[in-house]
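Visitor: I am new to this structure and would like to learn how to read it, one feature at a time.

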Amino acid sequence: MNRREFLKRTGIITAGTIMIPSFLRANMFSAKLMLSKKRLVVIQLSGGNDGLNTVVPYGLDGYYNNRSGIGISAEELLKIGDQFGFHPKLAGLHDLHEKGLLAIINSVGYPNPNRSHFRSMDIWHTASDSNEYKTTGWLGRYMDSNCHNAYEGIEIGGQLSLAMKGQEQSGIALTNPKAFYDTIHSDFFNELGDPVTENGELNYLYKVFNDTKNSAKYIFDQYKLKNNPALYQGAQFGQQLKQIATLIKSDIQTPVFYTSLGGFDTHVNQPFAQSRLFEQLNGGVTSFIEDLEKDDLMKDTTIVIFSEFGRRLKQNASRGTDHGAANVMFVIDKDLESSAIKQYNQIDLEDLQDGDPKFKVDFRSVYQEMLAKTLEVDAEKVLGKKFNNLGLWG
């Protein structure tokens, strides 16, 4: 096989569901891993979820004044006090909050917000300032400093997020462990062999390929260890979480998992679209937690749910909402500080910036605490600077 043919075929790999990690050091594949105290599961809501109709500030005048067509009545909400209530399709998340397992962090954002999906997601993925452009993600930089194998960061999905891409080490994306293994170990790719050439670029690509094969084998071998009969709600999104739960139950040496649920760009007829998506989110997450609890694994797991921006306070003419700024994040963990669970559920609908609620909490403060408390690493080294401590874990 000549160089041109090899490059062409590896191009097929990167264009498909298999994402090749960035292995740059020799002897990269290693069975040794200093697994952190907990695993971090990141759930991305793509499209800019409307946080104001997720945890609804029904007790604030500005809410119904600006949302006469899409505002959710107080009677329908799952109340968490005299001002806020969960969307009626989020009963599972409401229950987690009542039990002290879910922190609502409202008014999360960054200075000089960008309402572009692409750019704002880049900012959230790279943990950059709004005027700064980085090529590595915050989890990729965590992997650069602390990981040695691509399987130490697994994304269930067809494309590896920028958040999971480091300079020297990146995670791996797959839609299904068996399909991933079967494809990368098919006759087509086995024909590539393991040649030794004098071409450094070609040798590097072969090394990447072989390391990917090793990771695929390890992930599938672990996945096979656990027969997981749990029934999951939440359609395809629920099945993505079931794959993560199955891998966690197999005791795979992976500290970071990532997945996403798309479709939150609700410019038109938002009530129907958001309700349908929340059914998937609520069903998938509650099934996932119930599944992990069967093996007492939630005590070792942190879940974070975020979206790239919130929506405008005022609804548009299509019974929808347009791109906004500050938003709500959820952190689910059994060791959250009780005082912090309610502390950050605050919105001021009278103090707006260009029609949007102002951000009060920098999203990187949440990253900082998860890096330090869940993954137990030097957060400043990963993020490049210090942010305010929220005290989510005390």
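This is a predicted model: local features need pLDDT of at least 70, side-chain atom pairs count only at pLDDT 80 or more; totals for chains, interfaces and linings use all residues.

Visitor: What do strands of a sheet pair through?

Guide: The general idea is that strands of a sheet pair through backbone hydrogen bonds, and that the pairing may be either parallel or antiparallel. In the present case, β3 pairs with strand β4 (residues 85-86) in the antiparallel sense, over two bridges.

Visitor: Which residue in β4 is the bridge partner of K79?

Guide: The bridge partner of K79 in β4 is G85.

Visitor: Turning to the loops, where does N112 lie, and is N112 buried or exposed?

Guide: N112 is found in the loop that runs between β5 (102-109) and α4 (117-126). Exposed means over 50% relative accessible area, and N112 counts as exposed because its relative accessibility is 60%. As for its backbone, N112 has a positive phi of about 55°, although N112 is not a glycine.

Visitor: What is the place of D354, and why does D354 count as exposed?

Guide: D354 sits in the loop between β11 (352-353) and β12 (356-357). With a relative accessibility of 59%, D354 is over the 50% cut-off and therefore counts as exposed. The phi of D354 is positive, at about 55°, although this residue is not a glycine.

Methods:
Residues are numbered from 1 along each chain as its sequence is written. Side-chain values use heavy atoms; hydrogens and water are left out. Helices (H or I, at least four residues) and strands (E, at least two) are DSSP runs, numbered from the N terminus. Buried means under 20% relative accessible area, exposed over 50%, partly exposed in between (1.4 Å probe, protein chains only). Two strands pair if DSSP finds at least two bridges between them.
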